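Please keep the sequence and the structure open while reading.

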Amino acid sequence: MATTTDPVQKSPADSLGERLHVPSRFPYRTIAMGTVGSTLLMLAALGAGGILIHDPILGHGPLSWIRYGHGRWLADAVLYTGFALVVWAWVRLGRYALAGRIGSRPIVIAALCWMAPLFVSPPLFTRDTFSYLGQGAQLLYGLDPYANGPAELDQLPNVVQNIHPLWQTTPAPYGPLYLLISKWTVSITGDNLIAGVIATRLVLLLGLGMVLWALPRLVKHLGGNQAIAMWLAVASPMMVIHLFGGPHNDLMMIGLLCVGVLAGLERRFALAIALVTVAMLLKATASIALPFLVWMWASHLPGDRKVRNFLRAGAMSVGIFAVVFVAGTWISLGSLNIGWATGLKAPTLIANWMNFPTGIGEIVYSLVHLVVDVQVSPFVTVARLVGMVALAVFAGRQWWLARDGASKTTVYRMALVLLAVAIVPPPSLPWYLTWGFVILSAFPWRRRNLAGVVGISVFVVLVYYPTGEQALYDWWFIAIVIAASIYAAASLLRPDPLGLIAAWRKPKQDEFLGPEVHVEPDRPVST
């Protein structure tokens, strides 16, 4: 006689525990999906990205239709499809990393595979690269980039005409060392902007290499999870599409900043101050780290007299800073030209609600304007002033709270200030968020906070059109962007949160053994 028994029911926790001990296969399909997406981005950017006014390849050839009319609409559709594939692949890698199914190596390989097609792509979501080349050309031809914009150039007309009109007459806001790098780039590529953009990305690979080298070591000091850190800092759309696909010189600054902070954590403080000063000579933002490094140095000096140790560390730091700053400026410009300090005002010309104080000012203006006919500028100016005061208080408080010099606490507070500087002072450009996020990625993260980062990453890429123009006042478009960002964030914690995929395909196993990973309850993710 046949008998039956009920199968043993396993709890979700038991099932997850078993899956964590099942050897995982390399995520080929996920990496391939993201690579297909970035390839679509590259191809579509030929018509929808930061294209040249007079394109020597597509301008009048048989494929010129992709730049206009229905061809342009098709290019936009393909580009956003490619972006969706990259985000989908990135979120899947994040789920695997959270579940402990993959280490950092597949994530780094994925990021490099996704960047590879973008190496030869037109600029994506920005035209800043053309400004870099124009300012380097000014230096090359004996002009002062801190006095006038690239419009004064009589040479290299292709470079000048492709710079965004706002920046053609605006002095350079970048450090002298990056202007020197741009000068070298233009001296090789000349008026060939395609070669200039590719050469810029080639140089920025140095910054990427520094991040890849320093980040695992930062994780060991700061207690994070190496796979999560690589996923968050290196494979994210902010890195792949903004910093590399842009490209943006922030990548070089971030690389040096990471190495400098690592040197401080390893108690090589003189080297740390020197490296961060060099990073500052690329972009002034890096200077924020210097006062925090002084606290770290002071805490490791012998003796119990804290004030004396602080003064000693401060004096040594100022001495190293002065030598490196003066030498770097002189080598870059041939003189001690500090005009770039005034050039830092140039980005404040950008006014949109992505900058938090500007947005508050615009909201107040809109309410008052319903009753009284007034101008928007006083409201924005006052809101920005209040924001800067609040930032100064916040930054000062974080610096003071870090006075014990404890390594983890000091670096954490430094990263928070970097993030605040990206958000509060105008302009708040999307890729600025990487200043703090790359350092913060080396700390432990809660899963729900990581989901928030996913949503922010998607949002800050999409709020600009692929051409580099802002989309912040296209409200229907922004509504779609917000919905897509929320969906991407939810997908990190639960695959297909709305059941959109399951509705048209049969459930099947993913590329790893066992069912799709469901992330366990929220807790800090660390080594």
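Lys 283 sits in the loop that runs between helix 13 (269–282) and helix 14 (289–299). Helices here are DSSP runs of H or I with at least four residues, strands are runs of E with at least two, and both are numbered from the N terminus. The model is predicted, so local features need pLDDT of at least 70 and side-chain atom pairs count only at pLDDT 80 or more, while totals for chains, interfaces and linings use all residues. Residues are numbered from 1 along each chain as its sequence is written, and side-chain values use heavy atoms, with hydrogens and water left out.

**Lys 283**

- Lys 283 counts as buried because its relative accessibility is 8%; buried means under 20% relative accessible area, exposed over 50%, and partly exposed in between, with a 1.4 Å probe and protein chains only.
- Leaving aside residues up to four places away in sequence, Lys 283 touches Tyr 174, Asn 249, Asp 250, Met 253, Tyr 432 and Trp 435, where contact means heavy atoms within 4.5 Å.

**Backbone features in loops**

- Most residues other than glycine have a negative phi, and most peptide bonds are trans.
- The peptide bond from Gly 246 to Pro 247 is cis, with omega near -15°, and Pro 247 belongs to the loop between helix 11 (237–244) and helix 12 (250–265).
- The peptide bond from Pro 426 to Pro 427 is cis as well, with omega near -5°; Pro 427 is in the loop between helix 19 (407–423) and helix 20 (434–440).
- Leu 156, a residue other than glycine, has a positive phi near 50°.
- At 59% relative accessibility, Arg 267 counts as exposed.

**Helix 10 and helix 21**

- Helix 10 (residues 226–233) and helix 21 (residues 447–462) pack at an angle of about 20°, and their axes are 11 Å apart.
- Axes are lines fitted to C-alpha atoms, for helices over the stretch in contact, and angles run from 0 to 180 degrees between N-to-C directions.
- Helix 10 and helix 21 are therefore roughly parallel; angles under 35 degrees count as roughly parallel, over 145 as roughly antiparallel, 65 to 115 as roughly perpendicular and the rest as oblique.
- In helix 10, Ile 228, Trp 231 and Leu 232 meet Leu 450, Val 453 and Val 454 of helix 21.
- By class, this contact of helix 10 with helix 21 has six nonpolar, no polar and no charged residues; Ala, Val, Leu, Ile, Met, Phe, Trp, Tyr, Cys and Pro count as nonpolar, Asp, Glu, Lys and Arg as charged, and the others, Gly among them, as polar.

**Helix 5 and helix 9**

- The axes of helix 5 and helix 9 (residues 193–222) come within 10 Å and cross at roughly 100°, so the two helices are roughly perpendicular.
- Thr 129, Phe 130, Tyr 132 and Leu 133 in helix 5 meet Leu 193, Gly 196, Val 197 and Thr 200 in helix 9.
- The contact of helix 5 with helix 9 has five nonpolar, three polar and no charged residues.

**Whole protein**

- The protein has 22 helices and two strands.
- Of its 527 residues, 54% are buried.
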